[in-house]
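The sequence and structure come first, and the notes follow.

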Amino acid sequence: MKKVIVGLFLLLFACQLNAVSYTKADSIRVTKLLAEGLLQNKNTNMMIYFARRLKGVPYVAKTLEVNPTEQLIVNLRQLDCTTYVENVLALTLCIKKSSVSFNDFCRNLQKIRYDRGNIEYTSRLHYFSNWIANNARNGFVTEVQKNSSPFTAIQTVNTNYMTNHVESYPMLMEHPEWIRSISVMEKELSGKRYRYIPKNMISNTNLCRNIIKDGNIIAILTSKAGLDTSHIGIAVWHNDGLHLLNASQIRKNVVEESMTLHDYMKQHPSQIGIRVIRVR
């Protein structure tokens, strides 16, 4: 019986490895980053450390939509706002757990990106509200929710963007049989309520500095129909206030914004506020 269990485990592990898509350059970059991360002082904020180590990586959208079947894509050469945060978190978790092989990184990324780690398109955490819930269940993050200032507004989620804009999702276009599962997921998410910080409440005050910490994940909420969030980044405080490390579609690469998050959001009328997620 023991041999059978071991054999099944090895078979499962082999299948998981076969579902990983990466280049040699990606594996080398990951192992190099982890080796360097191990050398940092124990008090180093690893989310900020790795977020800054990826500055300059080109912004490229839809890098997870390139295969005929769903695979765990490891791509540190091209990032969008979500894959940037996912890779930074996966690297950070490796250091926290002192598990620093490329396979360890892949396992963390798989758990972060997919509902219960199931590598299927319909299990990918397309909406960030589901991403937060799944990674809170994993024990990786916790969302800050307070019934007091600056959390003075409530978001009622209403998600249907994917099923209303199938043409924007190449793999979904190729597999219309998946639309029903996506629709079920959207309906389950819709109606959930979360407290958030309106953008006019984001300020350089002790209150905000005590609530939002360096390395927290910032989810920017949107008024755009059918979506819960429109952009994701990593919080970092400067002397003049809160800034965002992010894979920027506007700047075409990963940057540490020179303007404060408050000023950044003022330039985007559809951005209404932020949710704050801490890495455990």
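## Terms and basis

Two strands are said to pair if DSSP finds at least two bridges between them. Helices (H or I, at least four residues) and strands (E, at least two) are DSSP runs, numbered from the N terminus.

The model is predicted: local features need pLDDT of at least 70, side-chain atom pairs count only at pLDDT 80 or more, and totals for chains, interfaces and linings use all residues. Residues are numbered from 1 along each chain as its sequence is written, and side-chain values use heavy atoms, with hydrogens and water left out.

S7 and S8 form a hairpin with two residues between them. Strand S7 spans residues 229-238 and runs antiparallel to S8, with five bridges joining the two. Within this pairing, Ile 234 has Leu 245 of S8 as its bridge partner.

S8 also pairs with strand S9 (residues 253-256), again in the antiparallel sense, over four bridges. The hairpin of S8 and S9 has four residues between the strands, and Lys 252 takes a positive phi near 70° in it.

Strand S8 (residues 241-248) is mostly covered, with eight of its eight residues buried. Buried means under 20% relative accessible area, exposed over 50%, and partly exposed in between (1.4 Å probe, protein chains only).

## Helix H6

Helix H6 covers residues 128-137; seven of its 10 residues are buried, so the helix is largely enclosed by the rest of the structure. The buried residues in H6 are Phe 128, Ser 129, Asn 130, Trp 131, Ile 132, Asn 134 and Asn 135. Gly 139 follows H6 and has a positive phi, near 85°.

Most residues other than glycine have a negative phi, and most peptide bonds are trans.

Lys 62 is not a glycine, yet its phi is positive, about 60°. Lys 62 sits in the loop between helix H3 (46-53) and strand S2 (72-73). With 41% relative accessibility, Lys 62 counts as partly exposed. Arg 116 is also a residue other than glycine with a positive phi, near 60°. Its place is the loop between helix H5 (102-113) and H6. Arg 116 is exposed, at a relative accessible area of 63%.

The peptide bond from Ser 149 to Pro 150 is cis, with omega near 10°. Pro 150 lies in the loop between strand S3 (141-144) and strand S4 (153-156).
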